[in-house]
Amino acid sequence: MTTIQDPVMSLRDQLVAWRRHLHMNPEVGFHEHDTANYIEAELRQMPGLTVTRPTATSVLAVLKGGQPGRTLLLRADIDALPIEEENTFEFRSQRPGAMHACGHDGHTAILLGVARLLSEHPGEVPGEVRMIFQHAEEIGPGGAEELVMETDLMNGVDVVTGLHLNSQLPAGLVVVKPGAFMAAPDTVHITVKGKGGHGAHPEQTVDPIAVGAQVVTNLQHVVSRHVAALDALVVSVTYFQSGTTHNVIPDTATLMGTVRTFDPELRQRAPQLIERVVKGITAAHGADYDFKYEFGYRPLINTDWVAAQLKEIALETVGPEHYQDAQPTMGGEDFSAYLEKAPGAYFNVGSGSDEADSRWPHHHPRFTIDEDSLVTGARMLYAAALRLTGEPGAESRN
């Protein structure tokens, strides 16, 4: 434990400096040009790394160890969100309308720290470590999908891991879960097509607002009456737009929502279950509809043996008092694209504390992190690099 903790703790100030620079200079997905340039410049100061740009806004650093072993991919996402920051600390966003409101600035700082440590201790690493600073996690179809499908990043990768800071967990806590960890986040678009007219004469119209309201209410029956109680499904209508003024019944109402599932079979059934409700409600009221269903990121299913290894690493590195088994979440992550190509596991590190005022939810304009969590994250990924690049054992064949 000492050999892992000491070099990481010595980097704490640098981890904070990297994170704060990134926080001040956020860029949203597919526009991370300055961010990628900054990361590349920092990496090129570290000896022993091969640094390339797989895409215009992503950066890859590779360290090859001196012994036989696995090839490990470590991933950090680098993009920000289109949010106007409300924090007032001195390193708040300097770019109007953009903010690191999900911890990606911390993820990037952590992986830069791991790259620094690996470059300083190359003899400790068997195999090969690839460190991908990935663009566009927040924007579908996602930067991970582009890297997996359009580059050779995953060629020869034996195992993959990455982390997410979580403001809803106490700072420094590590949580890991084998199997289903994060849901598939799909999107549904519905247009209810009615017949507009004067608000004083609704009998002469087909009111798309009234019909749309019935659609919203009845979609909840998909969850409660058409899916087994033990099968996880979320259907949330999050957008309802119609009309322009108080005395006109409009022609159409536009609805959008998110659909979250773990089970692949249920995921394939969900569009039919939802459209059946929309079709029935609109027909019953003399309306029509347009329906579009977009499949988003795949469910994130951790490989059991990798999750078990990460749990062992956490118990050794941060101690049992800072570890818990994780619960699944209906949030989505494009890290799932890497897991289609190699075994791996994704885990969370707590970043919430009252002292840092960092318990705000993700994607909130007051979001921030307790910066001590950067040390915990770097300890975990550095230890994972040392452990998971070792010679494959029986677990890799399971």
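I began with Arg130, which counts as buried at 12% relative accessibility. The model I am reading is a predicted one.

**Entry 1, Arg130.** I located Arg130 in strand β4, residues 128–134. I then asked which backbone atom lies 2.6 Å from a polar atom of the Arg130 side chain. I found that it is the backbone oxygen of Leu153. I next listed the contacts of Arg130, leaving aside neighbours within four places in sequence. The list includes Leu60, Ala61 and Val62, then Thr71, Leu72, Leu73 and Leu74. Leu153 is also on that list, together with Asp152, Met154, Asn155 and Val157.

I turned to the loop between β15 (323–325) and α9 (336–339), where Asp334 lies. Is Asp334 buried or exposed? I recorded a relative accessibility of 1%, so Asp334 counts as buried, the cut-off being under 20%. I looked up its polar partners as well. The side chains of Asp334 and Arg75 are joined by a polar contact of 2.7 Å.

I placed Tyr297 in the loop between β13 (288–294) and β14 (300–302). Its relative accessible area is 12%, and Tyr297 is therefore buried. A polar atom of the Tyr297 side chain lies 3.4 Å from the backbone oxygen of Ile139. I also checked Tyr297 against Phe347: the two are 50 residues apart in sequence, and their C-alpha atoms are 17 Å apart in space.

I took up the pair formed by α2 (residues 12–24) and α10 (residues 372–388). Two packed helices are described by the angle between their axes and the distance between the axes. I recorded an angle of about 110° for α2 and α10, with the axes 9 Å apart. That makes α2 roughly perpendicular to α10, because angles of 65 to 115 degrees are classed in this way. Which residues of α2 and α10 meet? From α2 I listed Arg12, Leu15, Val16 and Arg19; from α10, Asp372, Leu374, Val375 and Ala378.

Methods: Residues are numbered from 1 along each chain as its sequence is written. This is a predicted model: local features need pLDDT of at least 70, side-chain atom pairs count only at pLDDT 80 or more; totals for chains, interfaces and linings use all residues. Side-chain values use heavy atoms; hydrogens and water are left out. Helices (H or I, at least four residues) and strands (E, at least two) are DSSP runs, numbered from the N terminus. Buried means under 20% relative accessible area, exposed over 50%, partly exposed in between (1.4 Å probe, protein chains only). A polar contact is a pair of N or O atoms within 3.5 Å; within protein, one must be able to donate a hydrogen and the other to accept it, and residues adjacent in sequence count only if both atoms are side-chain atoms. Axes are lines fitted to C-alpha atoms, for helices over the stretch in contact, and angles run from 0 to 180 degrees between N-to-C directions. Angles under 35 degrees count as roughly parallel, over 145 as roughly antiparallel, 65 to 115 as roughly perpendicular and the rest as oblique. Contact means heavy atoms within 4.5 Å.
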